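Here is a friendly note to read alongside the model. Please keep the viewer open and follow the points one by one.

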Amino acid sequence: MALNIEDYALISDCHSAALVGLDGSIDWLCLPRYDSASMFGALLGTPEQGRWLVAPADNDATAHRAYINDTFILKTEWTAPTGKAEVIDFMPHGDKRADVVRRVRGIEGTVEMTQELRIRFGYASSMPWVRQVHDDHGNALIAVAGPDAIVVRGPKLEAADHRHVSTFTVSAGETVDLQLTWYPSHREVPTPVSIDSAYRKTMTWWDDWAKTCSHDGPYRNNVIRSMLVLRALTHETTGGIVAAATTSLPESFGGDRNWDYRFVWLRDAALTLEVLLSHGYEVEAAGWRAWLLRAIAGDPSDVQIMYGLAGERDLPEREITSLPGYRGAKPVRVGNAAVSQFQADVIGEVMVALHAARKVGVSETEFSWPLQRALMHFLEANWHREDQGIWEMRGAPHEFTHSRVMVWAAFDRAVRGITEFGLIGPLEKWTKIRDEVRRDIEDRGFSTTRNSYTQYFGTEEVDASLLVLPLVGFCEPTDPRMLGTVTAIESDLLRDGLLMRYRTQSSDDGLAPGEHPFLACSFWLVEQYATSGRYADASTLMDRLVGLCNDVGLLSEEYDVGGKRQAGNTPQALSHLTLVRAADAIAAGMASPSRQIVV
């Protein structure tokens, strides 16, 4: 059975990622990209679906782990009755290869280690053909199935019931290196990676990247780790930012709220762009903008809410029967049917992010502003349309208030592009539509009965996305209507001190009711508290939230309060970027003489 979600740590080379369990097993690995088919899929099943275990042979050994400095190099220190050993796991960065390195070092005494390798390509649908070789580089196991091949080097592995195993000992001062390299099966077997050199280069690259982060505040360590997560989820070659490294980790344990998040949502990526820009990462932001312009190029009516890592548009959702699901949660899905939804807020998210880029000096190109104008022309004709909303409801469409606010934000940023940056566009028309959208929201998206903005026009329900209204400048955090909305959200959506997205029992989202608090929503609430003067509430909730990070600082999508465990896909970009925003808001409050926050 797979471990608890919080028991996994991420390693990444900024092209793909692996999840390493507290038990020493890599239970999720897709190479060469985040969205490739898994070769280790035990996360969504059992060891039979593939894994790579390296751990002491003694079951009584205990583990303590941490990332080395501000990197994604993971060190797990094992204490066994006979001694201590450590395993250093990392994916070398910058070598244009797909490698995983596991370096075992003796610290005290002698520790017998065991290795178990179960290779299952194609989401555990393909058992590879395996052969052993011994060459100038030592022992190697080569596994091939269809287009995929890997070579694993290290202690010699022996076949045993569709798996390969070995045992070896390390004494104090000794080192045993293991490495796995993926390659296209039609090519020659790659040579081994130079581990010492790869380790130094990878360490330096991550550390140098983290050092440029501009943030000072009581949650700096959490901010740094969150920024690193956002970088680890960004494909270095294409610039695409995946929403999470996994698919089908359940939002409701044992249920069917299981989705594939290994794609680039325009919304999440745009929000990530804003966070990168506000912390000194203009180069990465420029790379994402280039990805965006390529992805959405063409007819604006064809703009999707999400794309593949290189801008792929065809992301059909299908069920994978070869993976039984995380602790039996079915179905396991690959692809995402939400790709075909109309979500009116997406263009607003993009326009807000691109305006933020302009403000920090990322200049427009001959292509970028014309494309934004085309998006606005599409929105001129479509802003009245009902949509599926930020939460990708699979029920009936509505006029969601958050979506309509983001339409307002799109026209607002387009207008400001003209008035503040001298760009060319129909100023009078866009100003008129912007003001019309605002009036429509105030008239039909606000309940005088509840003194609150509503989830969608014509309902008395609220949802947590309404907390975004002041974040995009639609209103001030202290506006009486916003404060009334916060009161309604607290009344309806707070569960055990954390915030739900919406009341599933009162919303037609196309699925059975029931899910756990959505962490990004609670971080939005922290930001609202901090910017509206509720400083004690902001710090109390923030402390609670950062306490939900696992032992290496990672957050998934949701949190099961009753079970005291993380839920949903991991690590979740939206959780981490909203953590950064919340920490920024608290730090800004502390820096203001009139806003002293006790933390």
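1. A word on elements comes before the tour: helices (H or I, at least four residues) and strands (E, at least two) are DSSP runs, numbered from the N terminus. This is a predicted model, in which local features need pLDDT of at least 70, side-chain atom pairs count only at pLDDT 80 or more, and totals for chains, interfaces and linings use all residues. Residues are numbered from 1 along each chain as its sequence is written, and side-chain values use heavy atoms, with hydrogens and water left out.

2. Let us begin with aspartate 161, which sits in the loop between β13 (158-159) and β14 (164-171). Aspartate 161 is not a glycine, yet its phi is positive, at about 55°. Its relative accessibility is 63%, so it counts as exposed. The cut-offs are these: buried means under 20% relative accessible area, exposed over 50%, and partly exposed in between (1.4 Å probe, protein chains only).

3. Tyrosine 123 also has a positive phi, near 55°, in a residue other than glycine. Tyrosine 123 belongs to helix α1 (residues 121-124), and it is buried because its relative accessibility is 6%. As background, most residues other than glycine have a negative phi, and most peptide bonds are trans.

4. Two cis peptide bonds are worth a look. One runs from leucine 31 to proline 32, with omega near 10°; proline 32 is in the loop between β3 (25-30) and β4 (38-40). Another joins threonine 570 and proline 571, with omega about -25°, and proline 571 is in the loop between β25 (565-567) and α13 (573-591).

5. Is serine 403 buried or exposed? With a relative accessible area of 2%, serine 403 is buried, and its place is in helix α8 (residues 401-421). Its side chain makes a polar contact with the side chain of aspartate 387, at 2.8 Å. A polar contact here is a pair of N or O atoms within 3.5 Å; within protein, one must be able to donate a hydrogen and the other to accept it, and residues adjacent in sequence count only if both atoms are side-chain atoms. Setting aside neighbours within four places in sequence, serine 403 is in contact (heavy atoms within 4.5 Å) with Ala344, Asp345, Asp387, Gly389 and Ile390.

6. Threonine 540 lies in helix α12 (residues 535-546) and is exposed, with 53% relative accessibility. A polar atom of its side chain is 2.9 Å from the backbone oxygen of alanine 536. Threonine 540 and valine 526 are 14 residues apart in sequence, and their C-alpha atoms are 8.8 Å apart in space.

7. Next, the nonpolar cores, each a set of buried Ala, Val, Leu, Ile, Met, Phe, Trp, Tyr and Cys residues joined through side-chain atoms within 4.5 Å. The largest has 200 residues, and Leu29, Trp52, Met227 and Met542 have the most contacts inside it. Helix α8 gives the most to this core, with 10 residues. A second, separate core of 9 residues includes Phe90, Val193, Ile195 and Met203.

8. What about open spaces? On a 1 Å grid over the protein atoms alone, a cavity is a set of points where a 1.4 Å probe fits but cannot get out, and a pocket is an open set with protein on both sides within 12 Å along at least five of seven lines; lining residues have an atom within 4 Å of a point. Grid points are joined across faces, edges and corners, and a volume is the space filled by probe spheres set on the points. The largest pocket has a volume of about 460 Å³. Of its 17 lining residues, Glu274, Ala356, Lys359, Leu471 and Arg581 are the closest to its centre.

9. The second largest pocket has a volume of about 390 Å³. It is lined by 21 residues, and Pro32, Lys96, Arg97, Ala98 and Trp182 are the closest to its centre. Strand β15 (residues 175-184) supplies the largest share of this lining, 4 residues.

10. Finally, the structure holds 4 cavities of 30 Å³ or more. The second largest cavity has a volume of about 130 Å³, and α4 gives the most to its lining, with 3 residues.
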